[in-house]
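Hello,

Here is the structure I promised to pass on, and my notes follow below it.

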Amino acid sequence: MASTERVTVTLPVDVIERIDRLERNRSRFITEAVERELLRRRREGLLRSLERPHPEAAEVAAEGLAEWGASLPADDEGLLDPAAGKALRWEEGQGWVAEPG
């Protein structure tokens with residue numbers, strides 16, 4: 001369960017009265033309202049970001065994903081040494097375990 005913290009929030013009396021007419025648990029009502037507002041603002045921020053992307057993101061989009069991928073160094077340029085890794089497998093209940101060698 002998420003931890004909670006007590007905060008003091010000042011609301012107009014008529015707003016409190018309207019909340020009390022609809023909901024017995026003010027805290028739950030306000031928490032749900034705040035969660036919805038936070039989600040709305042996050043979505044709004046994402047839409048704003050899509051409308052005005054960061055210059056580097058716009059650059060990648062203009063190039064196209066294929067061209068951007070082609071600009072990356074090839075794996076054979078020494079960035080990855082497959083021989084240095086360990087073979088693993090997933091076992092239910094245990095997680096990743098080393099392959100017997």
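A quick word on terms before the findings: on a 1 Å grid over the protein atoms alone, a pocket is an open set of points with protein on both sides within 12 Å along at least five of seven lines, and its lining residues have an atom within 4 Å of a point. With that in hand, the largest pocket has a lining of 17 residues, and E5, V7, S27, I30 and T31 are the ones nearest its centre.

Please keep in mind that this is a predicted model, in which local features need pLDDT of at least 70 and side-chain atom pairs count only at pLDDT 80 or more, while totals for chains, interfaces and linings use all residues. Residues are numbered from 1 along each chain as its sequence is written, and side-chain values use heavy atoms, with hydrogens and water left out.

**The pocket**

The space in the largest pocket comes to about 680 Å³, where a volume is the space filled by probe spheres set on the grid points, joined across faces, edges and corners. Helix 1 (13–22) and helix 2 (26–51) each give at least two residues to its lining; helices (H or I, at least four residues) and strands (E, at least two) are DSSP runs numbered from the N terminus. Helix 2 provides the largest share of the lining, 6 residues. By type, the lining splits into 8 nonpolar, 5 polar and 4 charged residues (nonpolar: Ala, Val, Leu, Ile, Met, Phe, Trp, Tyr, Cys and Pro; charged: Asp, Glu, Lys and Arg; polar: the others, Gly among them).

**The surface**

V7 belongs to the segment before helix 1 and is exposed, at 59% relative accessible area. Here buried means under 20%, exposed over 50% and partly exposed in between, with a 1.4 Å probe and protein chains only. Together with V9, L11, I30, V34 and L38, V7 makes a nonpolar surface patch of about 490 Å². Patches are made of residues with over 30% relative accessible area and no salt bridge, nonpolar side chains (Val, Leu, Ile, Met, Phe, Trp, Tyr) being joined within 5 Å and like charges within 9 Å; the areas come from the Shrake-Rupley method with a 1.4 Å probe.

Helix 3 (residues 55–63) lies largely in the open, because 0 of its 9 residues are buried. Just after helix 3, G64 has a positive phi of about 100°.

**Salt bridges**

A salt bridge is a side-chain nitrogen of Lys or Arg within 4 Å of a carboxyl oxygen of Asp or Glu, and the count is 8. Among them is E23 with R28, whose closest N and O atoms are 2.7 Å apart; E23 is buried at 18%, whereas R28 is partly exposed at 43%.

In helix 2, R40 and E37 sit 3 residues apart, about one turn of the helix, and their closest N and O atoms are 2.6 Å apart in a salt bridge.

R89 also pairs with E99, at 3.7 Å between the closest N and O atoms. R89 is in strand 1 (residues 88–91) and E99 in the segment after strand 2 (95–98), so this pair ties together parts 10 residues apart in sequence. Finally, shared partners link the salt bridges of E37, R40, R41, E44 and R48 into one network.

Best wishes

Definitions and conventions: On a 1 Å grid over the protein atoms alone, a cavity is a set of points where a 1.4 Å probe fits but cannot get out, and a pocket is an open set with protein on both sides within 12 Å along at least five of seven lines; lining residues have an atom within 4 Å of a point.
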